Amino acid sequence: MKSAITNQLVNKITFLVGNKKNAGKTTFLNYALKQVRKVVNPTFFTIGIDGETSDLIYDTPKPKIYTEIGDFVITSNLMINKSDALFDIFHVFPYKTVLGRLVLAKTLRSGTIELVGAEDNKQITEIIEYLKNEEQIKTIIIDGAASRATQVASIKNSNFYYIIKLDHKSINSDINKFKTIALISKFKSVDDILDVETKNVFEIKGALTASKLLSIPENCDILVLNDFTKIFLDFSQILELTRKFEIAYKIPYQLISFVVILKDIKKEDFKKILKQHNIEETILYNPYEN
């Protein structure tokens, strides 16, 4: 039986982005892969290194990544040899890492796998273009780097889940981040704005920082940014800008949903916090625990 998340992932390129280290991306990846397998065998990879038994920074235990028969995995040749699963290597990419060369492999026997992936946005783009054009693969899930969303902008019209882990210690900063992501996810593609040629359009090159705000003309109708990862302002600054003009992107994307992991906060209490901040977003609460 298909779930809503299955429909959200099948035939799409989807990034998993977390608000911090150990936010729960790997656990959500396993959950997402399980949902996708109800319809199609997924293809998945990571950015950097993932799937190791303990966190490389905090040395805390990490969940294993499972691959099932028929899945396509991108990792290094050394991790293929190390895995308890069995694979058929389909393609060798021209990228070397400290843990071997990246390969595309099809799973022949189920098991666990440590992922070693693309090291920059250029490699992400090239890998995805290869999967789409050469292998005709349409369902791709990328486990993004911790606390970084820049990789989402590497592919036009990509989708992403924002996995946010909340606890009392950092609740204020996490809620501000939540509000910021929710706000900037609503900005349109510049191509979708009607009669844009009749309006005063100003484009910010590179990052939108506080120091660049004074460069925006007073008669600006539409402020154009390359993508949402170029915004380096806090929630209140962005909200103030939206009162003056419309903000649009050259590279559009879609936020599918927030995935909220509550550590030491009750769900009822968190819902009250959302109401206080007028946050009405699509949220999945620890979906793999249901």
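Biologist: Which backbone oxygen does the side chain of Arg101 reach?
Modeller: That of Phe93, at 3.5 Å. This is a predicted model, where local features need pLDDT of at least 70, side-chain atom pairs count only at pLDDT 80 or more, and totals for chains, interfaces and linings use all residues. Residues are numbered from 1 along each chain as its sequence is written, and side-chain values use heavy atoms, without hydrogens and water.

Biologist: What else is Arg101 in contact with?
Modeller: Beyond neighbours within four places in sequence, its contacts (heavy atoms within 4.5 Å) include Thr75, Asn77, Val92 and Tyr95. Asn77 is 24 residues away in sequence, yet the C-alpha atoms are 5.8 Å apart.

Biologist: Where does Arg101 lie?
Modeller: In strand 7, residues 100–109; strands are DSSP E runs of at least two residues, numbered from the N terminus.

Biologist: What is the strand order in the sheet of nine?
Modeller: 6-7-5-2-10-1-11-16-17, open, with mixed pairing; a pair needs at least two DSSP bridges. Strand 6 (86–97) and strand 17 (283–285) are the edges, each pairing on one side only.

Biologist: How many bridges join strand 1 to strand 11?
Modeller: Five, and the two strands run parallel. Leu16 stands opposite Tyr161 of strand 11.

Biologist: And the sheet of four, what order?
Modeller: 12-15-14-13, open, with parallel pairing. Strand 12 (188–189) and strand 13 (201–203) each have a single partner strand, so one side of each is left without a neighbour in the sheet.

Biologist: Which residue in strand 15 is the bridge partner of Leu223?
Modeller: Ile247. Strand 14 (222–225) and strand 15 (246–249) run parallel, joined by four bridges.

How values were computed. A polar contact is a pair of N or O atoms within 3.5 Å; within protein, one must be able to donate a hydrogen and the other to accept it, and residues adjacent in sequence count only if both atoms are side-chain atoms.
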